[in-house]
There are 2 protein chains.
Amino acid sequence: MEGPVTIRDVAARAGVALSSVSRVLSGHPDVSASMRTKVEEAAQALGYEPDLLAQSLRSGATRTIGFIIRDISNPLFAVVARACEQELRRNGYSLILMNSDGSVETESKNFALLRRRRVDGVIASLVAEDSPYVKKTILSLRAPLVLLDRDVKGLDASAVITDHATGVKAATTHLLDMGHRDIAFISGAANVYTTRNRIKGFSEAFAEAGIPLPEQLIALGGFDAEYGLIHARHLLLKTPRPTAFVAGGIGSTAGVVRAFHEMKLEIGKDVALVALDEWPLFDVFATDISSVYRDPEAIGSEAAHLILEVLKGNEAQESVIATKFTARASSQGGVVSVR
Amino acid sequence: MEGPVTIRDVAARAGVALSSVSRVLSGHPDVSASMRTKVEEAAQALGYEPDLLAQSLRSGATRTIGFIIRDISNPLFAVVARACEQELRRNGYSLILMNSDGSVETESKNFALLRRRRVDGVIASLVAEDSPYVKKTILSLRAPLVLLDRDVKGLDASAVITDHATGVKAATTHLLDMGHRDIAFISGAANVYTTRNRIKGFSEAFAEAGIPLPEQLIALGGFDAEYGLIHARHLLLKTPRPTAFVAGGIGSTAGVVRAFHEMKLEIGKDVALVALDEWPLFDVFATDISSVYRDPEAIGSEAAHLILEVLKGNEAQESVIATKFTARASSQGGVVSVR
DNA sequence: TTCAGCGATGGAATCGTTACCAGAATCTAA
DNA sequence: TTAGATTCTGGTAACGATTCCATCGCTGAA
């Protein structure tokens, strides 16, 4: 045989009309038993498989969901993607993966391409919330959208939001209780909810303790390891030197730890550290690092769940994922500033 | 406006025939300048975008590539996927991501679904090389295939193959030189090239040193952390106890290190360790672990490159990725068996 | 016996695009 | 001026499926 088998071939073999074959195969009720067996036998014999492309063109639904993130090699996103793809697959949807490489332009192009591919929905972690492109691009999507940890006004999108503030506040309060005052805070870009919400928790802890927020120790800029490294180097040269670091984003945290290594500072002894988010093998190779944990699998399956809900015709919703602070050796000791 | 703008709307607005619009927009040479401007203006004004679905149905090419792996949350695959997606995107292709969750059945279903989606090609890391399903499924793909680190006969597929043997051999020779004899080897399933090729390197090192291979210390079974843990526990109870471990697969290695923790064995002091593959933050939190490294980005972009070549009409090819052994503290010391 | 009613089936239009074919319009050469 | 070549354009048939509509045959009631 050559070329895929079409419904036309099945019709010819069964000696019936195209439309009858379609009715049988799509489970239409008004078909006689004899017709059903005839068609099913022919389809079986020829190894017929429906062409999803043609079905999509006709039906208007592609049963594909776009997944746009900065970078799938970020372990957090990878776990989110896995859980999300699994859940979507169970419901008959496929996932089209696109990295935006931290570029708003690439992200915008990705949205445009997904629109032309007529995806049924998009799940995205935007590079920035305030870029003018993106909002226009998204509004023209004509498909449901689920945002991951982003807060963009006027979009009618669902969202999976992490409650960073609670975890970060607990972590910061813990550090304050341990006597730390010069606590440095490093996280990603300021124009995303993730960072703002973490700062919220950080600030609240200081406010509740009645201690002034060390604003000059808050360093923002990006999620890459180089930012973490540069910021940490810079902060470690300040006087008084920060005695504790709260570092967010896996990349940034890596940068911070590198800076510690450069300065021969031992974590948990010379300097305290709380990592925001955990990463693969965290429990094996970073056993002593205090962390604010969120469950990435839950984020992924919730995202899938939310988009499926909208596709069923329900309203856009928001899900909140909890965070949990766990104190470990890295934040127990540490040289505490003397005032 | 309601519903997407079609080529028909553009034709109506420009006052020309459908076919002329198509010709202009697809860059056909036989169009007059006036026609070109008329159509382009109308398309611009209406915000026309071609429907990739319809184009695909017509042309037979979807410009999508399927990507099937065991688990995207494995950091190695995540980096491969990112590099691969980037390269494909630059060439106008999108990537459909599917996890096979370590199940041959799921993998087979994924292949079938990709076939029905009429993808132009598939890049896959098979769960097993010898499963009867898979070969049948793959042969009916009707699209080029790139295998990642797998060796399946009679497929006419391209492949990106890692030369594990060289790196593992160097690592093993190093351990033998350090005086180790009871060297345990833990890696994934035996029915994939990755494991076989690693064992090849392991064996060759012993052979060249004229030392008998400790076959009872070779433990295979799977790539998950639980396998690593179970096997390592078991091996650590043997007499004489292995003094060094070569552990492959990020998950397995994690299991092995957990077993060390359970037994309060300090890496590089009580027991030597060489990790096959590195993982995120390896350089930060596993600075002292000897490793056999391969570049996952190269694997991803090579995979994309190979499939693009076949899509251009060239023959299927095989690319080989090098490995590099780096000795670090974890394999320097260690209690050496006395014979 | 005849007609209404009903279930099952075939034919044709449609989704949005491209590509072939024929014909119109313009141009060149004799 | 006309035949022939050369552009360019419009109509139409696909790609592979679904769905509406009309029709056909059959049954049951008057």
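## Where the two chains meet

In this predicted model, A:L97 has B:L95 as its bridge partner in β2(B).

The β2 strands are part of an open sheet of twelve strands with mixed pairing, whose order is β11(A)-β5(A)-β4(A)-β3(A)-β1(A)-β2(A)-β2(B)-β1(B)-β3(B)-β4(B)-β5(B)-β11(B). At the edges stand β11 (318-321) of chain A and β11 (318-321) of chain B, and because each has a single partner strand, one side of each is left without a neighbour in the sheet. On average, and with direction ignored, neighbouring strands of this sheet are turned by 20 degrees against each other.

## Helices on the sheet

Helix α6 (residues 104-116) of chain A lies across β1 (64-69), β2, β3 and β4 (145-148) of chain A together with β2 of chain B, and runs at about 155 degrees to β2(A). Helix α13 (residues 296-311) of chain A also packs on the sheet, where it touches β1, β3, β4, β5 (158-162) and β11 of chain A, and its direction makes about 160 degrees with that of β5(A).

## A buried leucine in a loop

A:L126 is found in the loop of chain A between β3 (121-124) and α7 (132-139). Because its relative accessibility is 1%, A:L126 counts as buried. Leaving aside residues up to four places away in sequence, A:L126 touches A:E107, A:F111, A:V134, A:I138, A:L147, A:R150, A:V152 and A:V192.

Methods
Residues are numbered from 1 along each chain as its sequence is written. Chains are lettered from A and ligands numbered from 1 in the order in which they are written. This is a predicted model: local features need pLDDT of at least 70, side-chain atom pairs count only at pLDDT 80 or more; totals for chains, interfaces and linings use all residues. Side-chain values use heavy atoms; hydrogens and water are left out. Helices (H or I, at least four residues) and strands (E, at least two) are DSSP runs, numbered from the N terminus. Buried means under 20% relative accessible area, exposed over 50%, partly exposed in between (1.4 Å probe, protein chains only). Contact means heavy atoms within 4.5 Å. Two strands pair if DSSP finds at least two bridges between them. Axes are lines fitted to C-alpha atoms, for helices over the stretch in contact, and angles run from 0 to 180 degrees between N-to-C directions.
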